[in-house]
Amino acid sequence: MVVEAPRRHIDLDTIPSDGYEYIHKTRLAEDYDLEKNPLVSKMKALELVAKEKAQDFILFATKLQTKKSILQQKFPRNSEDFFPKSDEVEWCQFLLGSKLCSKIYRTRDTGVQGHLPLLNLILYFSQDEIQMLIEYMYQWFLEIGMEESMSMWLYALFACLEKPVDDNFQQVLENFHFECKRYLKFDYKYDVRVYFILVLLFQNFCAH
């Protein structure tokens, strides 16, 4: 929509005479809030970053799911990374490394580095594995918050997740969304990682 330039001076005390003047006054009010209230400014910046990343996510997810076979030819599976993992502790160490694993499960930090969610990994997970790992990430988030490596993995796993999911896993996603909201409301209001995961869940996977 093209907004016409105002035909008279508009300030915060102006009573709008039409929709265009209302828009101009609203923009002035937003600019005023950003200047006078640093908390509002921080939230606006957070919303802009999350919105931009959410748009990138849609493009990334579409590419992964529509060109999967082509991408698999370009990024072949590394068989060394697909050794059997017996439980969530081994998965945690594989994905996040022994340092974060020790925070979550009180295990010993052996210096093992985690893995990045590269295409030669994520393209070869089954849907059952993807759902399992998202659920693990949800549980780990409840334990220690949203570490950077966790948000990176969630971004990739969500992009690979095929829809629709069954009712049980849909409830996992809804619970994850709820806990992100609770975390931002009561704990860390401006945590950009949690806010971004909240936006991804809300826009792509949760009922609203």
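**Close-up views of a helical chain**

**View 1. Gln-131 and its contacts.** Setting aside neighbours within four places in sequence, Gln-131 is in contact (heavy atoms within 4.5 Å) with Leu-161, Val-165 and Phe-169. This is a predicted model in which local features need pLDDT of at least 70 and side-chain atom pairs count only at pLDDT 80 or more, while totals for chains, interfaces and linings use all residues. Residues are numbered from 1 along each chain as its sequence is written, and side-chain values use heavy atoms, with hydrogens and water left out. You will find Gln-131 in helix H7, residues 127-144; helices (H or I, at least four residues) and strands (E, at least two) are DSSP runs numbered from the N terminus. Is Gln-131 buried or exposed? Gln-131 is buried, because its relative accessible area is 18% and buried means under 20%, exposed over 50% and partly exposed in between, with a 1.4 Å probe and protein chains only.

**View 2. H7 packed with H9.** Helix H9 spans residues 167-186, and its axis lies 11 Å from that of H7, at an angle of about 25°. Axes here are lines fitted to C-alpha atoms, for helices over the stretch in contact, and angles run from 0 to 180 degrees between N-to-C directions. The two helices are therefore roughly parallel (under 35 degrees; over 145 is roughly antiparallel, 65 to 115 roughly perpendicular and the rest oblique). From H7, Gln-131, Ile-134, Glu-135, Tyr-138, Phe-141 and Leu-142 take part, and they meet a set of H9 residues that includes Phe-169, Phe-176 and Tyr-183. By class, the contact of H7 with H9 has 10 nonpolar, two polar and two charged residues. Ala, Val, Leu, Ile, Met, Phe, Trp, Tyr, Cys and Pro count as nonpolar, Asp, Glu, Lys and Arg as charged, and the others, Gly among them, as polar.

**View 3. H5 packed with H7.** What angle do H5 and H7 make? They pack at about 70°, with their axes 9 Å apart, which means that H5 is roughly perpendicular to H7. Leu-100, Lys-103, Ile-104 and Tyr-105 of H5 touch Trp-140, Glu-143 and Ile-144 of H7. Five of these residues are nonpolar, none polar and two charged. The buried residues of H5 are Ser-98, Leu-100, Cys-101, Ser-102 and Ile-104, and their cover includes H4, H7 and H8.

**View 4. The largest nonpolar core.** Leu-96, Phe-158 and Phe-176 touch the most other members of this 57-residue core, a set of buried Ala, Val, Leu, Ile, Met, Phe, Trp, Tyr and Cys residues joined through side-chain atoms within 4.5 Å. Helices that each supply at least two residues include H2 (38-66), H4 (88-96), H8 (148-160) and H10 (192-204). Leaving aside neighbours within four places in sequence, Leu-96 is in contact with Ile-104, Gly-114, Met-137, Trp-140, Ser-149, Met-150 and Trp-153.

**View 5. Two backbone spots in loops.** Most residues other than glycine have a negative phi, and most peptide bonds are trans. Arg-106, although not a glycine, has a positive phi of about 60°. Arg-106 sits in the loop between H5 and H6 and is exposed, with a relative accessible area of 66%. In the loop between H8 and H9 is Pro-164, joined to Lys-163 by a cis peptide bond with omega of about 0°.

**View 6. The chain overall.** The chain has 10 helices and zero strands. Buried residues make up 36% of its 208 residues.
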